[in-house]
Amino acid sequence: MDALFERDGRSLGELEDVVAGHVEMTRFGVSKHLRLLEAAGLVSTRKVGRVKEHYLNPVPIQQIHRRWIGKYTDRARTADALIELKERLEDTTPDQE
């Protein structure tokens with residue numbers, strides 16, 4: 001997915017090369033992974049001649065963000081403010097050694 005984020009429209013061969021630079025995976029493994037991502041709606045494809053180009057679909061990722069991550073944003077801001085206050089208080093308190 002990171003490879004498609006960097007540049008959409010990659011072929012299986014291009015993605016295989018990118019993946020090989022990070023982990024050991026066969027062409028079959030990359031192809032199977034792409035099929036799963038496509039079935040989940042995270043990747044879409046377009047046939048150009050004999051080549052199948054793969055494109056990242058950001059819509060379901062954004063939907064996941066809104067549903068699961070976005071609802072914690074307000075809580076995260078509150079937690080960040082409390083952590084910052086704690087750190088400031090600890091920095092100004094003289095050492096008790």
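Lys86 and Glu90 sit four residues apart in helix 5 (residues 73–92), so about one helical turn separates them. Helices here are DSSP runs of H or I with at least four residues, strands are E runs of at least two, and both are numbered from the N terminus. Lys86 and Glu90 form a salt bridge, with their closest N and O atoms 2.7 Å apart. A salt bridge is a side-chain nitrogen of Lys or Arg within 4 Å of a carboxyl oxygen of Asp or Glu.

The model is predicted: local features need pLDDT of at least 70, side-chain atom pairs count only at pLDDT 80 or more, and totals for chains, interfaces and linings use all residues. Residues are numbered from 1 along each chain as its sequence is written, and side-chain values use heavy atoms, leaving out hydrogens and water.

**Salt bridges**

- The structure holds seven salt bridges.
- Side chains of opposite charge can pair when their charged atoms come close.
- Lys86 is partly exposed at 49% relative accessibility, and Glu90 is partly exposed at 46%.
- Arg7 is partly exposed, with a relative accessible area of 38%, and Glu14 is partly exposed at 31%.
- Lys52 pairs with Glu38 in another salt bridge, where the closest N and O atoms are 3.6 Å apart.
- This pair links distant parts of the chain: Lys52 belongs to strand 2 (residues 51–56), Glu38 belongs to helix 3 (residues 27–39), and 14 residues separate them.
- Lys52 is partly exposed, with a relative accessible area of 38%.
- Glu38 is partly exposed too, with a relative accessible area of 29%.

**Overall layout**

- The chain has five helices and two strands.
- Read from the N terminus, the order of elements is α-α-α-β-β-α-α.
- The radius of gyration is 22 Å, well over the 13 Å that the globule rule gives for 97 residues, so the chain is more spread out than a compact globule.
- That radius is taken over C-alpha atoms, and the globule rule is 2.2 Å times the number of residues to the power 0.38.
- Along the principal axes, the C-alpha atoms fill a box of roughly 70 × 30 × 20 Å.

**Surface, contacts and charge**

- Of the 97 residues, 18% count as buried.
- The accessible surface of the chain is about 8,100 Å², and 55% of this belongs to carbon and sulfur atoms.
- Accessible areas come from the Shrake-Rupley method with a 1.4 Å probe; for residues, only the protein chains shown count as cover.
- A contact means heavy atoms within 4.5 Å.
- Among contacts with a separation of 6 or more, 36% join residues 24 or more positions apart.
- The chain carries 16 positive and 17 negative charges, and their mean positions are 14 Å apart.
- Lys and Arg count as positive, Asp and Glu as negative, while His and the chain ends are not counted.
- Each charge is placed at NZ of Lys, CZ of Arg, CG of Asp or CD of Glu.

**Strand 1**

- Val43 lies in strand 1 and is buried, with a relative accessible area of 3%.
- Leaving out residues up to four places away in sequence, Val43 touches Leu4, Leu37, Glu38, His54, Tyr55 and Asn57.
- Val43 and Leu89 are 46 residues apart in sequence, and their C-alpha atoms are 48 Å apart.
- Lys47 is also found in strand 1 (residues 43–48), but Lys47 is exposed at 59% relative accessibility.

- Gly49 is in the loop between strand 1 and strand 2 and counts as exposed at 64% relative accessibility.
- Gly49 and Arg66 are 17 residues apart along the chain, with 37 Å between their C-alpha atoms.
- Leu56 lies in strand 2 and is buried, with a relative accessible area of 16%.
- Not counting residues up to four places away in sequence, Leu56 touches Met1, Leu4, Phe5, Asp8, Leu42 and Ile61.
- Leu56 and Ser44 are 12 residues apart in sequence and 6.4 Å apart in space, C-alpha to C-alpha.

Methods: Buried means under 20% relative accessible area, exposed over 50%, partly exposed in between (1.4 Å probe, protein chains only).
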